[in-house]
Amino acid sequence: MASNDATLSATTNSSKVPEESPKSLLPVESMLENELASLVRVRNRLALANDSNLPQILTGLLPRVLVKLEATYQLRNTKENEKCRLLRSQIRGHLMGILMHALERIRGNADMAVPWMSPIAVSLESDCRVVRMIALSLLQAAIARCTPKTT
């Protein structure tokens, strides 16, 4: 049994891919990894947020996420190394995840106030079709709740 453990240990240790140390990362890669970690935290905190706090959270969050999403799509065809391209793809995925989660929560809560409509309406003028489509989806989900006071 001990020899099997030693063999298994030797096999798994030799097959491990060496991880890059933080010192070997380029400044752009480091910045992208920090942004990705930040988006993971935002996504987790949004998932844990109470419905009663959601309108004020979304008022600050949605416009910033849409701006970041537009920026990632503008940088999509730039020449960069494979790791940066992968990180940007993951960042786009988390931004889309945040927006889709927000949209599901908005649709699932018919009583939610929609003070975030005006900042989102500005995104309709975006050059990025994806941002315009998401802004339209958010506005469509919110329009049924509008009163003269919320617009």
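The legends below describe a predicted model, first as a whole and then in close-up views.

Residues are numbered from 1 along each chain as its sequence is written, and side-chain values use heavy atoms, with hydrogens and water left out. Because the model is predicted, local features need pLDDT of at least 70 and side-chain atom pairs count only at pLDDT 80 or more, while totals for chains, interfaces and linings use all residues.

**Figure 1. The protein chain has 6 helices and 0 strands.**
Helices (H or I, at least four residues) and strands (E, at least two) are DSSP runs, numbered from the N terminus. The order of elements from the N terminus is α-α-α-α-α-α. The chain has 151 residues, and 34% of them are buried. Buried means under 20% relative accessible area, exposed means over 50%, and partly exposed lies in between (1.4 Å probe, protein chains only). Among contacts in the chain with a separation of 6 or more, 76% are between residues 24 or more positions apart. Contact means heavy atoms within 4.5 Å.

**Figure 2. Helix H2 packs against helix H3.**
H2 covers residues 27-48 and H3 covers residues 54-74. Their axes are 12 Å apart, and the packing angle is about 150°. Axes are lines fitted to C-alpha atoms, for helices over the stretch in contact, and angles run from 0 to 180 degrees between N-to-C directions. H2 and H3 are therefore roughly antiparallel to each other. On this scale, angles under 35 degrees count as roughly parallel, over 145 as roughly antiparallel, 65 to 115 as roughly perpendicular and the rest as oblique. H2 passes H3 in a left-handed crossing. A crossing is left-handed if the near helix is turned anticlockwise from the far one by less than a right angle, and right-handed if clockwise. On the H2 side the contact is made by Glu35, Val42 and Leu46, and on the H3 side by Leu54, Ile57, Leu58, Leu61 and Lys68. By class, these residues are 6 nonpolar, no polar and 2 charged. Here Ala, Val, Leu, Ile, Met, Phe, Trp, Tyr, Cys and Pro count as nonpolar, Asp, Glu, Lys and Arg as charged, and the others, Gly among them, as polar.

**Figure 3. H3 also packs against helix H6.**
H6 spans residues 129-143. The axes of H3 and H6 are 9 Å apart, at an angle of about 155°. The two helices are therefore roughly antiparallel to each other, and their crossing is right-handed. From H3, the residues Leu62, Leu66, Leu69, Glu70 and Tyr73 meet Val130, Val131, Ile134 and Leu138 of H6. The contact of H3 with H6 consists of 8 nonpolar, no polar and 1 charged residues.

**Figure 4. H2 and H4 cross at roughly 15°.**
The axes of these two helices come within 9 Å. H2 and H4 are therefore roughly parallel to each other, with a left-handed crossing. The contact of H2 with H4 has 14 nonpolar, 5 polar and 7 charged residues.

**Figure 5. Ile91 is a buried residue of helix H4.**
The relative accessible area of Ile91 is 1%. Not counting residues up to four places away in sequence, Ile91 touches Leu32, Glu35, Leu36, Leu39 and Thr72. The C-alpha atoms of Ile91 and Ser38 are separated by 9.7 Å, though the two residues are 53 residues apart along the chain.

**Figure 6. Gln90 and Gly93 are partly exposed.**
Gln90 is in helix H4, and so is Gly93, with the helix covering residues 82-108. The relative accessible area of Gln90 is 33%, and that of Gly93 is 39%. Between the C-alpha atoms of Gln90 and Glu33, 57 residues apart along the chain, the separation is 9.7 Å. For Gly93 and Leu69, 24 residues apart along the chain, the C-alpha separation is 9.4 Å.

**Figure 7. Arg105 is a buried residue of helix H4.**
The relative accessibility of Arg105 is 14%. Leaving aside neighbours within four places in sequence, Arg105 is in contact with Leu46, Ala47, Ala49, Asn50, Asp51, Leu54 and Met112.

**Figure 8. Cys84 and Cys128 are buried.**
Relative accessibility is 4% for Cys84 and 11% for Cys128. The structure holds 0 disulfides, a disulfide being a pair of cysteine sulfur atoms within 2.5 Å.
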